Amino acid sequence: MKYNKANDVSDRRSAASNAKAALLQGYLAAKDAAEPTRTAKQAERLALAEAREMRRTEREQVKRDELARIAEEAAAREAVIVAAAKAEVEARELVEKNRVARVLEDEAARKLERDRRYANRKARQA
């Protein structure tokens, strides 16, 4: 078969332009047809992103709460240790004061006994 039509540059250029326009019209039609689906998918992605962000925020809050609880427990243990150490120091001080008081009482008793013996000796000499 022979082509009766001459296939020159301007014909090829207009055919290419028409083909590109047809492709563009097809793309725009497909885009318009897919718009509700695209909107729904975008809304779904947005909802998933918000849910993911909420879960991340919740995990961070749980971590902060756990760290706060651990810090409170550590502070409570530290307070118990400090109270025990203070009680031990007070007990040692009380024992030391009692020992000093006993030493002073013993010293006073020895002095009284010495004075009594001295007085008895003087009484016998006189």
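This is a predicted model: local features need pLDDT of at least 70, side-chain atom pairs count only at pLDDT 80 or more; totals for chains, interfaces and linings use all residues.
Close-up 1. Arg117 is one of the residues of a positive surface patch, together with Lys111, Arg114, Arg121, Lys122 and Arg124.

**Close-up 2. A nonpolar patch at Leu24, Tyr27 and Leu28.** Three residues, Leu24, Tyr27 and Leu28, make up a nonpolar patch on the surface. Leu24 is part of helix 1. With a relative accessibility of 47%, Leu24 is classed as partly exposed.

**Close-up 3. The salt bridge of Arg56 and Glu60.** The structure contains nine salt bridges, and one of them joins the side chains of Arg56 and Glu60. The distance from N to O in this pair is 2.5 Å. Arg56 and Glu60 are four residues apart in helix 1, so about one helical turn separates them. Arg56 is partly exposed, with 31% relative accessible area. Glu60 is likewise partly exposed, and its relative accessible area is 31%. A network of salt bridges links Arg56 and Glu60 with Glu53.

**Close-up 4. The salt bridge of Arg99 and Glu96.** Arg99 and Glu96 are joined by a salt bridge in which the closest N and O atoms lie 2.5 Å apart. Both residues are located in helix 1, at a separation of three residues, or about one turn of the helix. Arg99 has a relative accessibility of 39% and counts as partly exposed. Glu96 is also partly exposed, with a relative accessible area of 38%.

**Close-up 5. The salt bridge of Arg116 and Glu113.** A further salt bridge is formed between Arg116 and Glu113, with 2.2 Å between the closest N and O atoms. Because the two residues, Arg116 and Glu113, stand three residues apart in helix 1, their separation is about one helical turn. Arg116 is partly exposed at 42% relative accessibility. Glu113, at 31% relative accessibility, is partly exposed as well.

Methods: Residues are numbered from 1 along each chain as its sequence is written. Side-chain values use heavy atoms; hydrogens and water are left out. Patches are made of residues with over 30% relative accessible area and no salt bridge: like charges are joined within 9 Å, nonpolar side chains (Val, Leu, Ile, Met, Phe, Trp, Tyr) within 5 Å. Accessible areas come from the Shrake-Rupley method with a 1.4 Å probe; for residues, only the protein chains shown count as cover. A salt bridge is a side-chain nitrogen of Lys or Arg within 4 Å of a carboxyl oxygen of Asp or Glu. Lys and Arg count as positive and Asp and Glu as negative; His and the chain ends are not counted. The place of a charge is taken as NZ of Lys, CZ of Arg, CG of Asp or CD of Glu. Buried means under 20% relative accessible area, exposed over 50%, partly exposed in between (1.4 Å probe, protein chains only).
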